[in-house]
Amino acid sequence: MAKRTKIKELLINPKIGVETNVKGWVRTKRGNKNVAFIAINDGSTIHNLQAVADLSKVNEDILKLVTTGACISVTGQLVASQGSGQSVELLVSDLEVLGEANPEEYPLQPKKHSLEFLREIAHLRPRTNTFGAVLRVRHAMIFAVHKFFNDKGFFNLHTPIITGSDAEGAGEMFRVTTLDPVNPPKNQDGKADFSQDFFGHETNLTVSGQLEGELGAMALSDIYTFGPTFRAENSNTSRHLAEFWMIEPEMAFYDLDDNMDLAEEFLTYLAQYALDNCIEDLNFLNERALEEEKNMKQEERSELSLIERLKFIVDNDFQRVSYTEAIEILRNSNQNKKKKFKYIIESWGADLQSEHERFLVESHFKKPVILYNYPKNIKAFYMRQNEDGKTVRAMDILFPGIGEIIGGSQREERYDVLKARIHEMDIPEESMWWYLETRKFGTAPHSGFGLGFERLMIFVTGMKNIRDVIPFPRTPGNAEF
RNA sequence: UCCUCCAUAGCUCAGUUGGUUAGAGCGGCUGACUGUUAAUCAGUAGGUCCCUGGUUCGAGUCCAGGUGGGGGAGCCA
């Protein structure tokens, strides 16, 4: 019996006339009383393999079990296809059903399903063309992230998933505890006594690996983290998940400009990698998106297709604009003067709403925008203060249709300045002692940023909802599968 | 969490001013067809109209509350 060949390999290097075995899941079966055509997909590629069964040679009882969704093993001679639509096909000599799929119950049909419906059957949706393509691209992007940093001499650092510091200020956290939820030990105030908890104090799931990442950079020069991140925010949007993956490089001796250069090079590299390595899946996703937009009004359609957008990123520099310049552009915009904005920009210091970010990216510059040097009052405590006394060396990269894809900064490396800022913002200093010590012992200028991996995936796949670019999304009220 | 829209067959949806037995397309099943491409053609089965309560002679349709989902906002990556 021939050894199993993956469909991807078989299509790249077809061995015509050779007995071949293929295993996979049935997409459709068609035919008449003489011949049956079975489309098989094994997930190795977006393409199906057509198996051709001569009904006089194949057991009809077995063929009856070959229904959409069933898993089969097919052996036969690989031949050039008589039909159009595929170059090769498999003439079935041996057919085995590995796993039946009752057609009255199997929910996936050979037709287009809504993404909302597929989310409800997340255990089966990887078997669709769309999710197969998304998951293969996702893998390629994971691999490309590691390759990019490895090629640059960065070291991957595993920062903790369970953290004891509650001062990261990046949102609500999920508590980690082994205390009895019904009858926890109580302290004198009648509250749960976390000194008796597993770690001896309160612990949570991480909301960022940045602070620990900085510790790594202060020894290895250039590090990056790529791990799961958890936010217990009650966010119900197409851009937020409670559990997502984040990439956070941290570089010693980088100033804000170096940081922006790296971030732009990184995003450009990832777009190019997708074009170079995932073009078949991207072509499918491109067509899918075009098909979907056909039902939309002209003005709601994207100006560029998915593949054109990826090429655009590769070919064009990002627009770098200081916060102060951005405020001037917004204040002088017709949108602002005609009070089309819900939040009118009146003066320097205002926090930018997503309508403003969208205006800058989608209407004004029509390209990715890097905003930098924000007012210190709207940014985190660890960002490097500028000499003007009112701004910090922060930067956000804004993408069309996604908004903020990267947030980063040069870090405050001066011990006294950092300590003063911690006090100003009422952060408990004792919980930050180890972070402060990096500024006390051999401090160095350094910078870093955070890239939301699923937001990158939205950009690269053209999917609209972040729940459709991660295999098993976690959102408020949803942790099934 | 707020605003807004939605929930009818396995899926996508229609269902008139509240009126008798709730429909279509796709999918499933049965059959026809000598090579199909989401095959085609014919036939057929399939319903807790999201849940609870209310108004009414009568509710898929109206009202209240709840649950679930979409889109937008805030928070952010």
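Colleague: Which residues of H4 and H14 meet?
Modeller: This is a predicted model. In it, Val-134, Val-137, Arg-138, Met-141, Ile-142 and Val-145 of H4 meet H14. The H14 side brings Phe-453, Glu-454, Leu-456, Met-457, Val-460 and Thr-461.

Colleague: How do those residues divide by class?
Modeller: The contact of H4 with H14 has 9 nonpolar residues, 1 polar and 2 charged.

Colleague: And what angle do H4 and H14 pack at?
Modeller: About 120°, with the axes 11 Å apart. That angle makes H4 oblique to H14.

Colleague: Is that crossing left-handed or right-handed?
Modeller: H4 passes H14 in a right-handed crossing.

Colleague: Let's switch to H7. Where is it, and how far apart are the axes of H4 and H7?
Modeller: H7 covers residues 279–293. Its axis and that of H4 are 9 Å apart, and the angle is about 130°. H4 and H7 are therefore oblique to each other.

Colleague: Which hand does the crossing of H4 and H7 have?
Modeller: It is left-handed.

Colleague: Which residues make that contact?
Modeller: From H4, Asn-129, Thr-130, Ala-133, Val-134, Arg-136 and Val-137. From H7, Asp-281, Leu-282, Phe-284, Leu-285 and Arg-288. By class, the contact of H4 with H7 has 6 nonpolar, 2 polar and 3 charged residues.

Colleague: Now H6. How many residues does it have, and how far does it reach?
Modeller: H6 has 22 residues, 256–277. From first C-alpha to last it reaches 31 Å. That is close to the 32 Å expected at 1.5 Å a residue.

Colleague: What does Asp-255 do at the start of H6?
Modeller: One of its side-chain oxygens comes to within 3.1 Å of the backbone nitrogen of Asp-257.

Colleague: How do H4 and H6 cross?
Modeller: Their axes come within 10 Å and cross at roughly 135°. Angles over 145 degrees would count as roughly antiparallel. H4 and H6 are therefore oblique to each other. Their crossing is right-handed.

Colleague: Which residues of H4 and H6 are in contact?
Modeller: H4 gives Ala-140, Met-141, Phe-143, Ala-144, Val-145, Lys-147, Phe-148, Phe-149 and Asp-151. H6 gives Leu-262, Glu-265, Phe-266, Tyr-269, Leu-270, Tyr-273 and Ala-274.

Colleague: How many of them are nonpolar, and how many charged?
Modeller: There are 13 nonpolar and 3 charged residues in the contact of H4 with H6, and no polar ones.

Definitions and conventions. Residues are numbered from 1 along each chain as its sequence is written. Chains are lettered from A and ligands numbered from 1 in the order in which they are written. This is a predicted model: local features need pLDDT of at least 70, side-chain atom pairs count only at pLDDT 80 or more; totals for chains, interfaces and linings use all residues. Side-chain values use heavy atoms; hydrogens and water are left out. Helices (H or I, at least four residues) and strands (E, at least two) are DSSP runs, numbered from the N terminus. The expected span of a helix is 1.5 Å times one less than its number of residues. A polar contact is a pair of N or O atoms within 3.5 Å; within protein, one must be able to donate a hydrogen and the other to accept it, and residues adjacent in sequence count only if both atoms are side-chain atoms. Axes are lines fitted to C-alpha atoms, for helices over the stretch in contact, and angles run from 0 to 180 degrees between N-to-C directions. Angles under 35 degrees count as roughly parallel, over 145 as roughly antiparallel, 65 to 115 as roughly perpendicular and the rest as oblique. A crossing is left-handed if the near helix is turned anticlockwise from the far one by less than a right angle, and right-handed if clockwise. Contact means heavy atoms within 4.5 Å. Ala, Val, Leu, Ile, Met, Phe, Trp, Tyr, Cys and Pro count as nonpolar, Asp, Glu, Lys and Arg as charged, and the others, Gly among them, as polar.
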